[in-house]
Amino acid sequence: MHEPAFWHRPKSWKSHLLRPIAALYGAVAAQRLQRKGFDAGVAVLCVGNYHVGGAGKTPAVLALADILRELGETPVVLSRGYGGKLRGPVMVDPLRHTAEKVGDEPLMMASRVPVVVARDRLNGVAMARSQRASVILMDDGFQNPAIAKDAALIVIDSERGIGNGYVIPAGPLRAPLPPQLARTDALIVVGGGDASRDVATAVAAREGLVLSAHLKPNAASVAALAGKPVLAFAGIGDPQRFFRTLRSSGIDVVRERVFADHHNFSENEIEALRAESRRDALTLVTTEKDLARLHEGEELSELARAIVPFAVTLEFEDGGKLRKFLADRLFRARGTKFLHET
């Protein structure tokens, strides 16, 4: 779905009218956050958002997986597989599965790190442990109390922040902010904007770790588009961030096309984009996540060959501080689990 524009306006009559419903939704969500989760038996690090929509969570999961491996860990990602048909638990195989089956984000990540898709997260934990996971990286699930978290790392976009600060449907928050802040161990602020400044201050006041990070374009992606006018399209939570990243990388974005998050592209839509790009001598470019959804059949895959994927990675300003945080949390988690077992 497309996010309503009023979610990101300080004042809106639509938001005002929806606030009573939001209060009820928020009360239920806040109470749900109080529940005690199941002990997975291995360390669990949750990467989440305060709100619906994009913030850079998938690049954050991949970056954390790389750091954990550098620390000698064996991370396995646990995802619900949003948008996929399989309930799981299932290990995602990029050669066998499609986004239609397991979801676009798990499919994209599975080429870099083992990924388990499971609607029932407890079943997913069992499969992750069967893969000898030393740590489970939960992709989302911050507001879900089913599994106890040893650390919660929240990703926030510095340009968007938390919108108007209201709970769904009056705003983008999944639960009231105070109980979410109380469960935040680290905040990852992506970009150089100031819309997330108040949230970062609140996390720091609770002695949470605040980390700055930025999206770094892949050099090969930039080289493939250098000097070429492009038609950029995206069906992600925050397509404008994608377009900004392209432009800040020196890419000549002539035209933009926005689709709903997790949009399932049809052959007609891709053919129309290709026809438009040929007519105006433009190069088609999209995100890796969008490209993962363009392999649902031979014809669609063939059409996708003309599209350049723009790959990015998340880089932290102070990687040493993050490594220390992760090592400390893993040490503490294992000590707690050892005491419980004895």
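**Entry 1: around E105**

I started with the neighbours of E105: leaving out residues up to four places away in sequence, E105 touches K57, T58, D139, H262 and K289. I keep in mind that this is a predicted model. E105 itself sits in helix α4, which spans residues 104-109. Is E105 buried or exposed? Its relative accessibility is 13%, so I put E105 down as buried, the cut-off being under 20%.

Two of those contacts, K57 and D139, turned up again when I looked at charges. D139 makes a salt bridge with K57, with 2.9 Å between the closest N and O atoms. I checked where the partners sit: D139 is in strand β5 (residues 135-139) and K57 in helix α2 (residues 57-70), so this pair ties together parts 82 residues apart in sequence. Both D139 and K57 are buried. So my note for this spot has a buried E105 touching both partners of a buried salt-bridge pair.

**Entry 2: other salt bridges**

I ran the search over the whole structure and got 26 salt bridges. I wrote down a few more of them.

D185 and R329 meet through their side chains at 3.3 Å, N to O. This pair links distant parts of the chain, 144 residues apart: D185 is in the loop between α6 and β7, while R329 is in helix α13 (residues 319-341). I also looked up the accessibility of R329, which is 16%, so R329 counts as buried.

D280 and R255 form another salt bridge, at 2.7 Å from N to O. Which parts does this pair tie together? D280 belongs to the loop between α10 and β11, and R255 to strand β10 (residues 252-258), so the bridge joins parts 25 residues apart in sequence.

Next I went through helix α7, residues 197-205, and listed its buried residues: V199, A200 and V203. Looking down the axis of α7, I see these buried residues within an arc of 100°, so they line one face of the helix. What does that face pack against? The buried residues of α7 pack against β6 (151-157), α6 (177-182), β7 (186-190) and β8 (209-217). On the face turned away from the buried side I noted the exposed residues R197, D198, T201 and A205.

Most residues other than glycine have a negative phi, and most peptide bonds are trans.

E207 follows α7 and has a positive phi, near 65°. E207 is not a glycine, and I placed it in the loop between α7 and β8. Its relative accessible area is 75%, so E207 is exposed.

A281 is another non-glycine with a positive phi, about 55°. I found A281 in the loop between α10 (267-279) and β11 (283-287), the loop that also holds D280. A281 is exposed, with a relative accessible area of 59%.

Which residues does a cis peptide bond join? I have I168 and P169 down for that, with omega at about 5°. P169 lies in the loop between β6 and α6, and β6 and α6 are both among the elements that the buried residues of α7 pack against.

How values were computed. Residues are numbered from 1 along each chain as its sequence is written. This is a predicted model: local features need pLDDT of at least 70, side-chain atom pairs count only at pLDDT 80 or more; totals for chains, interfaces and linings use all residues. Side-chain values use heavy atoms; hydrogens and water are left out. Helices (H or I, at least four residues) and strands (E, at least two) are DSSP runs, numbered from the N terminus. Buried means under 20% relative accessible area, exposed over 50%, partly exposed in between (1.4 Å probe, protein chains only). Contact means heavy atoms within 4.5 Å. The arc is that of the directions from the helix axis to the C-beta atoms. A salt bridge is a side-chain nitrogen of Lys or Arg within 4 Å of a carboxyl oxygen of Asp or Glu.
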